Amino acid sequence: MPPKSGFQRAKNIGYDDDDVYDDEDYFDEEEGGDVAADEMSEEDKEQMAIGTAKVKEALGSEYKVKEADIQDALWNYYYDVGKSVTYLKNKYTPKTQTPAKPKTASRFDQAAGVADAKAPTGTIKAKSKPKVVEKTDGDKLAESVEKLTVKVKSKNLDVIEEYRKSGLKKVSSFVVIGHVDHGKSTLMGRLLYDLKVVDDRSVDKLRQEAETVGKSSFALAWLMDQTPEERSRGVTVDIATMPFETEKTSFTILDAPGHRDFIPNMIAGVSQADFAVLVVDAQENSFQSGLKGQTKEHALIVRSMGIQRLIVAVNKMDTVSWSKERLEKVRQATTTFFESASFSLKNITFVPCAGLTGDNVVQHVSASAADWYTGPTLLEALDVSEPKKRDLERPLRLTINDVFRGSGQNPLSVSGQIEAGTCQVGDAIVALPSRETAVIKGIELSDGSPADWAVAGQIPTLHLVDIDPIHLRFGDMLISPPPAPSVRLVKSFTCKMLAFEHVLPQYVDVFRGRQQATGLITGLSSILNKNTGEIVKKKPRIVKPGEVARIRIELEVKGEGGGLPLEVGSRIVLRDGGKTVGAGLLESYT
Amino acid sequence: MRLLRQQIDARTGAGTATLLPEEPEDMWHAYNLIQPTDHIRAKAVRRITREVGAGATSSQRVALDLTIAVTSTDFDLASNELHVAGRVASETEHVKMGSHHTLDLELNRKFTIEKVDGWDSVAVDMLREACNTSSRAEMWAVVMGEGIANICLITEHQTILRNRVEVSIPRKGKGHMEQHNKGLEKFHNTLVTTLLRDMESAKRDAQTEKTVPLLLASAGFYAQAFLQFMKEYAVRTGDKFLQGALPSVVVAHSAGEHVHNLAEVLASPAATSKVSDAKFTRETALMDTFMKHMRIEDGRAAYGPREIERAVESGAVGRGGGVLLISNTLFRSNNIAERKRWVALVDRIKDVEGGEVRVLSSLHESGKRLEALGGIAAILTYPLEEMDEDEEEEVANGVRGDEEMII
């Protein structure tokens with residue numbers, strides 16, 4: 001506090017008129033010091049006068065510093081001339097501070113020499129030092145706060161236009177499905193390895209780790225299976241998301257778990273995919289158990305969730321010595337099944353390959369036994385697959401697949417596929433079902449690169465601010481704020497259902513991507529003709545596998561605001577007791 | 001439940017029964033026994049306001065025996081309290097006839113039931129079952145998934161959801177392994193403390209030394225992982241209670257983390273080995289048999305009120321395997337005629353047809369499954385033809401071709 005006569009009264013007046021005190025931060029701290037100082041003695045005044053002169057001298061003519069400032073600084077530093085000088089210099093030349101540093105240091109020493117001997121340096125220095133730190137910290141904080149608000153300010157881009165201009169590669173994602181232990185993860189690990197998406201070193205490291213636990217053949221799968229549980233048990237539990245690029249397309253792999261217990265996770269993966277790679281084991285026994293098990297169930301789920309394009313990777317061809325007959329057998333057996341599941345055969349490609357050896361994954365097969373094969377490699381088959389049509393014009397729809405702490409600066413991040421619409425940094429979004437708003441602070445694409453915007457089809461990570469993490473859970477939906485049309489939280493609805501098992505009025509788990517709720521089938525209203533949709537039979541007692549029926553479902557709602565965010569045309573999967581009993585297409589809701 | 005006194009005329013069904021509820025589950029029995037129009041007599045505390053001249057009043061609380069004619073009952077599952085509302089049916093010096101009163105039935109407080117229309121066979125059976133203390137199977141069950149768990153207490157007649165633990169665990173992904181493991185650790189910690197709190201408080205309430213078995217059920221290996229964590233936790237904290245409970249822990253497989261996934265768990269060998277021949281395992285097995293008949297379409301299963309009545313008419317629920325499954329909610333109907341309809345049906349099957357009748361508790365998963373079917377279903381002795389016969393269109397449905405399926 002600069003000493004002035006008639007201190008108590010003058011203080012306020014002085015502040016009001018003095019435009020030097022424009023720095024609010026500084027002002028506040030002054031006040032603190034003020035209270036402690038209370039009143040100024042004659043001694044102090046004298047000291048101040050001497051100090052001011054000394055500081056002026058030390059600063060020289062290059063610094064045009066106001067007297068009031070000098071007095072402020074002196075007061076703050078307990079008449080320590082050296083410190084005051086350094087502080088003032090910093091304050092008046094903030095830009096050139098860094099190069100000037102050594103110079104100021106030497107001056108500090110100089111000035112310290114002439115510092116008032118009366119000041120008990122030891123304690124006071126200790127006292128004042130943290131103050132300096134505090135100040136700069138405060139300044140930095142203020143700066144970063146400023147930056148933060150600037151950052152969240154929207155650039156107001158026309159995202160669709162930007163997207164067209166950017167000439168981005170096609171964006172496509174595919175889900176890898178199939179029976180447990182048919183080699184999905186290994187095949188994908190091989191694909192990434194041969195494309196050099198992962199380096200030799202990390203694969204070698206995994207190889208070593210796998211060998212030490214006696215599971216050397218799992219090394220490539222461990223690129224996808226990262227949790228300790230997955231590695232120790234050798235099964236995939238959750239979807240692994242991995243990006244890679246070809247010349248034409250940036251792909252995202254969604255490696256699904258094959259084990260039947262984790263089909264909920266697999267459904268979450270399918271909901272984000274444009275097409276599917278069905279991995280089947282070429283070996284007879286394993287192939288047959290797959291046909292009865294998840295090869296069949298997965299294919300049905302994929303089909304009923306609206307995926308048309310399917311690549312059948314006939315894996316482990318090395319174990320049947322690339323036998324052409326074997327491939328034909330597998331092709332025949334699966335084709336019959338695909339026909340009955342209403343896949344259109346022109347959308348299905350068969351690719352023989354071997355994930356473990358890498359034959360016909362990225363490189364063409366080297367074994368002479370496979371000379372007969374002239375078709376595409378797995379990679380080539382992927383590259384010709386067209387992604388689904390995107391709805392960029394519609395309002396944003398994004399289902400949260402994961403909530404996590406992105407990094408120190410991004411304490412709350414979510415990821416998931418944008419199903420429709422676009423978003424950009426600075427956009428406000430609404431989370432359902434909590435109906436809380438948040439602001440997008442940053443966007444990261446699946447390869448980890450930051451971006452200003454993201455469009456439907458991409459699987460970005462959004463860094464959010466202005467929302468409490470308790471309002472965001474897996475399966476929640478992010479949508480555009482009003483006036484864009486919102487999504488109703490549906491509690492009961494009617495849907496067309498393709499039955500996989502016998503269906504009675506019963507409890508079922510209703511899945512929509514990562515979202516899940518318990519529902520009760522309250523009524524079987526009619527059985528429909530599969531192709532024409534005509535009513536074949538009213539009020540059936542039971543729906544048999546393969547039949548299409550119109551059913552009514554009521555969701556068990558927990559508390560207020562429950563229900564699933566569903567829209568007409570949403571595709572849902574119904575499960576009960578670990579089995580998929582049917583797949584539905586929402587027709588109407590109340 | 002202890003039966004203190006019973007005076008029920010075997011022929012007319014008229015009479016009273018005086019009961020003393022002793023266990024929490026007894027409140028559930030009382031809830032099922034007490035019907036609208038019944039007369040209940042129990043101790044009550046009522047505030048009596050009296051005029052003491054010149055408009056001044058004095059009020060005091062008086063404990064008295066009250067008889068009310070029941071108009072409605074309200075059972076709070078969570079706190080296990082039963083409130084019976086009605087109108088006073090016998091005049092006392094403090095309370096007038098016809099004034100409203102709600103009796104709060106409590107444990108260790110006796111009450112008397114008098115059935116105005118007489119005790120029907122279902123009510124008598126219920127009374128017998130309520131007072132049968134010999135088989136009291138109980139089990140804790142945790143149905144869990146990743147980051148989510150439902151803690152339930154399964155008793156003879158109820159599945160009570162005691163707590164729900166939900167912790168969001170970040171998924172695997174580039175560089176998030178640390179967060180995933182941390183989240184999992186947090187989930188396990190929360191779950192074990194919540195579970196122990198529930199189990200310990202229940203044990204205190206029950207005042208028994210008996211250890212109630214604990215069943216952990218999940219898809220995959222989440223339950224196994226949690227058991228491993230519990231073992232380590234018991235060693236680390238030296239928790240005596242948990243150490244005592246560990247030997248009776250069973251791990252079973254369930255399809256999901258929902259309470260209704262318990263249905264299949266309770267039928268599994270892991271559960272039946274611990275509580276063999278408990279009511280809930282028998283009921284679950286029966287529902288499964290029913291579903292099996294439904295699936296194989298041998299016509300030996302039927303559900304829904306009208307269809308069942310027709311089946312009973314035709315004598316298909318009789319000797320030699322006929323089983324009627326009926327939910328207790330049908331007997332709790334506020335409509336007396338409705339109750340009589342079902343009691344008559346039950347009596348007919350038991351006395352005339354010679355079939356078996358099972359009353360399923362709506363608080364168990366098997367009972368919930370039955371309720372979805374309209375609260376009543378039956379396994380038949382011989383196949384009945386379908387009620388509506390329009391089978392001829394089957395052919396059209398089998399057609400497939402290049403045409404797109406509508407779904």
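This is a predicted model: local features need pLDDT of at least 70, side-chain atom pairs count only at pLDDT 80 or more; totals for chains, interfaces and linings use all residues.
Local features need pLDDT of at least 70 and side-chain atom pairs pLDDT 80 or more, while totals for chains, interfaces and linings use all residues. Residues are numbered from 1 along each chain as its sequence is written, chains are lettered from A in the order in which they are written, and side-chain values use heavy atoms without hydrogens and water.

Trainee: How many residues of chain B are in contact with chain A?
Mentor: Contact means heavy atoms within 4.5 Å. On the side of chain A, 71 residues take part, and their partners in chain B number 55.

Trainee: Which residues of chain A lose the most area to chain B?
Mentor: Buried area is the accessible area (1.4 Å probe) that two parts lose on being put together, summed over both. The two chains bury about 5,300 Å² between them, 52% of it on carbon and sulfur atoms. Three residues together give 14% of what the chain A side buries: A:Tyr507, A:Asn531 and A:Arg541.

Trainee: Which residue of chain B meets A:Arg541 in a salt bridge?
Mentor: A salt bridge is a side-chain nitrogen of Lys or Arg within 4 Å of a carboxyl oxygen of Asp or Glu. The count between chain A and chain B is 3. For A:Arg541 the N to O distance is 2.5 Å, and the partner is B:Glu307.

Trainee: Which partner does A:Glu209 have in a salt bridge?
Mentor: Over all chains, the whole structure holds 33 salt bridges. In the pair with A:Glu209, the closest N and O atoms are 3.7 Å apart. A:Glu209 lies in helix H10 (residues 200-212) of chain A and its partner in helix H11 of chain A, so the pair ties together parts that are 22 residues apart in sequence; helices are DSSP runs (H or I, at least four residues), numbered from the N terminus. The partner is A:Arg231.

Trainee: Is H1(B) roughly parallel or roughly antiparallel to H2(B)?
Mentor: Helix H1 (residues 24-33) and helix H2 (residues 121-131) of chain B have axes that come within 10 Å and cross at roughly 170°. Axes are lines fitted to C-alpha atoms over the stretch in contact, with angles from 0 to 180 degrees between N-to-C directions. Angles over 145 degrees count as roughly antiparallel, so H1(B) is, relative to H2(B), roughly antiparallel.

Trainee: Which residues of H2(B) meet H1(B)?
Mentor: H1(B) contributes B:Asp26, B:His29, B:Asn32 and B:Leu33. Facing them in H2(B) are B:Ala123, B:Met126, B:Leu127 and B:Ala130.

Definitions and conventions. Helices (H or I, at least four residues) and strands (E, at least two) are DSSP runs, numbered from the N terminus. Angles under 35 degrees count as roughly parallel, over 145 as roughly antiparallel, 65 to 115 as roughly perpendicular and the rest as oblique.
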